[in-house]
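Work through the exercises below with the sequence and the model open. Each task is followed by a solution in steps.

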Amino acid sequence: MLYNSYTFIFWFLPAALVIYFLLGHWRLTRLATISLVGSSLVFYGWGSWRGILILLASIFFNYTLGHLIKRTGRRWLLVVGIVGNLSALGYFKYFDFFLRSLNEMGSWNLPLWRVLLPVGISFFTFTQIAFLVDTYKGLANDLNLWRYILFVTFFPHLIAGPIVHHKSIMSQFARPGAQLLHDQNFNAGIILFVMGLAKKVLIADTCGPWADAAFNTAGPLGCLGAWAGALSYTMQLYFDFSGYSDMAIGLALLFNVRMPENFDAPYRAASIVQFWQKWHMTLSRFLRDYLYIPLGGNRKGPARRYINLIITMLLGGLWHGANWTYVIWGGYHGTLLAANHKWQSLNRPLPMWLARALTFLAVVIGWVFFRAADFSSAWRHLSAMAAVGGLGDMRAATLPGGWNQIIILLLLLGFVNTFPTSRQWSQRQMWRPAQAWVTAGLFFVCLLCLRANFLTRGQSAFIYWQF
């Protein structure tokens, strides 16, 4: 079920809220928990119930291991849990990729298995690996079955994060009055949800077709078209995923749960290190805590630190999908991080404007690999951006959006470099007298755009749901 659908907005969400808070009002807290589990499973299985069995199998496997780890403290049980989770992720997400790679490298003609890829498997797998590690460290103590199922399936974070820790979420559900409606949380949640919906429907879905036209074309691609396509995807990806994160955080707030922020104006970063402190922040922390630091982090000298950074980002790239372009993108960012740390050690800071411009340029180049279907397509696009074969047709009329595309992209560049983040905007006291009207207006415009999109292209899924 999509957040940006009439079914979710007008049927599922109101029903889930009413049932949960009514049961809470009647002090039937366990039934309230079970109702939210049921709502989350309906949300996950909407349109296709096949993945629910895999999700539940993963939950009971990790819940059982968590109990055993808490009771015995055995490290080998933690290893079994991590290997089991990664093996399941590897099978469902990468087995066909492995067979396809073998076929491409040699004279193999192995048939693909067409393995079902459960929606959100990367996110609920990482969430449960973090749970097992936290349990081993003594940080996760609430092992009630229904609350654990709720922790994993809670629909605001189930499909695409933010990646959360058991203690931080379940301690909020366990607070007195957590199942009662709180006006302040509800109002802030609605504002964040609507702002995220606006990002998705008004901006990301506008830039998406422009990016598709540039990256999917088989015809000649000029320098202007290549840059416009790359910038369109740069904006589409950010507003799509940060919009999703705003909506997820806002939805959780409706249920009195505060989830961690996932974006903090990443396109204003003055270095690649800072970019990864601001982009997909919960994944960055997960990779740091559960991969980079166990590899040795920066504790074994600069050379080992650079190697650890590159390994971490290579695996982080592969985590995003079964395609070599993701591995290249991860290696590219790992190399940039290593170079960034080396430059910082020289203590030669660049002017802020130059540092931000170079960082943004490096990020845009990386997104080309992230979006392209294969390496040859990425290289073709980058060659056009560098005008290797000449500038090509530089007329705005050749762009799918014409001059409107150029103007909107320039406005969005200004927006991401100057406007406050969604959370900052929603928390500013000066806006509160007008917030209700602004929120209602945005919501109404979004509904009109949803209707228009549905009639022309159908509903648009969030990009990160494929990971």
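The model is predicted, so local features need pLDDT of at least 70 and side-chain atom pairs count only at pLDDT 80 or more, while totals for chains, interfaces and linings use all residues. Residues are numbered from 1 along each chain as its sequence is written, and side-chain values use heavy atoms, with hydrogens and water left out.

**Exercise 1. Describe the overall fold.**

Step 1. Count the secondary structure: the protein has 19 helices and zero strands. Helices (H or I, at least four residues) and strands (E, at least two) are DSSP runs, numbered from the N terminus.

Step 2. Compare the radius of gyration with the globule rule. The radius of gyration is 23 Å, close to the 23 Å given by the rule for 467 residues, so the protein is as compact as a globular protein of that length. The radius is taken over C-alpha atoms, and the rule is 2.2 Å times the number of residues to the power 0.38.

Step 3. Along the principal axes, the C-alpha atoms fill a box of roughly 70 × 55 × 55 Å.

Step 4. Of the 467 residues, 51% are buried; buried means under 20% relative accessible area, exposed over 50%, and partly exposed in between (1.4 Å probe, protein chains only).

Step 5. Take contacts (heavy atoms within 4.5 Å) between residues at least 6 apart in sequence: 75% of them join residues at least 24 apart.

**Exercise 2. Which residues touch the most other members of the largest nonpolar core?**

Step 1. Define the set: buried Ala, Val, Leu, Ile, Met, Phe, Trp, Tyr and Cys residues joined through side-chain atoms within 4.5 Å.

Step 2. The largest core has 136 residues, and Phe8, Phe255, Tyr267, Trp279 and Trp367 touch the most other members. Helix α10 (residues 223-254) gives the largest share, 19 residues.

Step 3. Look at Phe8. Beyond four places in sequence, its contacts include Phe43, Phe155, Phe193 and Leu251.

**Exercise 3. Where is the kink in α4 centred?**

Step 1. Helix α4 covers residues 75-105; a straight helix of 31 residues would span 45 Å, but α4 spans only 39 Å between its end C-alpha atoms. The expected span is 1.5 Å times one less than the number of residues.

Step 2. The kink is centred on Tyr94 and amounts to about 60°. The bend at a residue is the angle between axes fitted to the seven residues ending there and the seven starting there.

Step 3. Tyr94 is among the buried residues of α4, as are Lys93 and Asp96. The buried residues of α4 pack against α3 (50-72), α5 (121-136), α13 (302-320) and α14.

**Exercise 4. Are Ala265 and Asn347 buried or exposed?**

Step 1. Ala265 lies in the loop between α10 and α11 (272-278), with a positive phi near 50°. At 8% relative accessibility, Ala265 is buried.

Step 2. Asn347 lies in the loop between α14 (324-346) and α15 (352-371), and its phi is also positive, about 55°. Asn347 has a relative accessible area of 64% and is therefore exposed.

**Exercise 5. How many disulfides does the structure hold?**

Step 1. With a disulfide taken as a pair of cysteine sulfur atoms within 2.5 Å, the search finds zero.

Step 2. For Cys223, the nearest cysteine sulfur is that of Cys207, 19 Å away. Cys223 is buried at 10% relative accessible area, and Cys207 is buried at 0%.
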